[in-house]
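Please keep the sequence and the three-dimensional view at hand while reading.

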Amino acid sequence: MMVKPTIQFIQGTDEQTIPDVRLTKSRDGTNGMAIFKFDQPSVFDSSGEVGEITGFYMIDEEGVLQSVDVSAKFVNGKPSGIEAKYVMRTPREWDRFMRFMERYSNANGLQFIKK
């Protein structure tokens, strides 16, 4: 079954804003972290109607990757962005995350830039 790869902060409500994603990986390759930054995410428009942000969910045909490391940024008392972190502790978790990102990137026209 093909599932469109998506990101959600409230289960059942897809995030429409495409994030800036930064990846870090340990020198030995055993673990890493992905930091997602959303500028003016659409969840702020609908969170009052559908509920509170409950976490960070990356959903694709293999299942769900999730994190609770989510923080909102505020400017003049109004929410302006969200930063979510996803930690990978094993090479297997890293590979699974990269498969999600490849699907998500293809579905949303993202590209990978190595620095």
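Two strands are said to pair if DSSP finds at least two bridges between them. In this predicted model, Thr 6 stands opposite Ile 59 in strand 5, and strand 1 is joined to strand 5 by three bridges, the two strands running antiparallel.

## Overall fold

The chain contains two helices and eight strands, and from the N terminus on its elements run β-β-β-β-α-β-β-β-β-α. Its radius of gyration is 14 Å, close to the 13 Å that the globule rule gives for 115 residues, so the chain is as compact as a globular protein of that length.

Taken along the principal axes, the C-alpha atoms fill a box of roughly 40 × 35 × 25 Å. The accessible surface of the chain comes to about 7,500 Å², with 49% of it belonging to carbon and sulfur atoms, while buried residues make up 35% of the 115 residues. When contacts are taken between residues at least 6 apart in sequence, 65% of them join residues at least 24 apart.

## Two hairpins

Strand 3 and strand 4 run antiparallel and are joined by six bridges, with Lys 25 standing opposite Gly 32 in strand 4. These two strands form a hairpin that has six residues between them, and Gly 29 in the turn has a positive phi of about 75°.

Strand 7 (residues 70–75) and strand 8 also pair in the antiparallel sense, over six bridges, and Gly 81 in strand 8 is the bridge partner of Lys 73. Here the hairpin has two residues between its strands, and the turn includes Asn 76, which has a positive phi of about 55°.

Ser 80 lies in strand 8. With a relative accessible area of 15%, Ser 80 falls under the 20% cut-off and therefore counts as buried.

Leaving aside its neighbours within four places in sequence, Ser 80 is in contact with Lys 73, Phe 74 and Val 75, and also with Phe 38, Asp 39, Gln 40, Pro 41 and Phe 44. In the case of Phe 44, the C-alpha atom is separated from that of Ser 80 by 8.4 Å, although the two residues are 36 residues apart along the chain.

## Aromatic pairs

A search of the whole structure finds eight aromatic pairs. In one of them, the rings of Phe 9 and Phe 56 have their centres 5.7 Å apart and their planes at 40°, so the pair is tilted. Since Phe 9 lies in strand 1 and Phe 56 in strand 5, this pair ties together parts that are 47 residues apart in sequence, and both of these residues are buried.

Phe 56 also forms an aromatic pair with Phe 38, which is edge-to-face, at 6.3 Å centre to centre and with 70° between the planes. This second pair links distant parts of the chain, with Phe 38 in strand 4 and Phe 56 in strand 5, 18 residues apart. Phe 38 counts as buried at 3% relative accessibility, and Phe 56 counts as buried at 0%. Ring pairs link Phe 9, Phe 38 and Phe 56 with Phe 36, Tyr 86 and Phe 97 into a cluster.

## Helix 2 and what covers it

Helix 2 covers residues 91–108, and at 1.5 Å a residue its 18 residues should span 26 Å, which agrees with the 25 Å that separates its end C-alpha atoms. The helix is followed by Gly 109, whose phi is positive, near 70°.

Which residues of helix 2 are buried? They are Trp 94, Arg 96, Phe 97, Phe 100, Met 101, Tyr 104 and Ser 105. What covers these buried residues includes strand 1 (6–10), strand 3 (20–25), strand 4 (32–39), strand 5 (56–60), strand 6 (63–67) and strand 8 (78–88). Phe 97, one of the buried residues of helix 2, is also part of the cluster linked by ring pairs.

Key. Residues numbered from 1 in each chain as written. Predicted model: local features only at pLDDT ≥ 70, side-chain atom pairs only at ≥ 80, totals over all residues. Heavy atoms only, no water. Helix = DSSP H or I, 4+ residues; strand = E, 2+ residues; numbered from the N terminus. Expected span 1.5 Å × (residues − 1). Buried < 20%, exposed > 50% of the residue type's maximum accessible area, 1.4 Å probe, protein only. Contact = heavy atoms within 4.5 Å. Rg over C-alpha atoms; globule rule 2.2 N^0.38 Å. Areas by Shrake-Rupley, 256 points an atom, 1.4 Å probe, with all protein chains shown as cover. Phe/Tyr/Trp six-rings, centres within 6.5 Å; stacked < 30°, edge-to-face > 60°.
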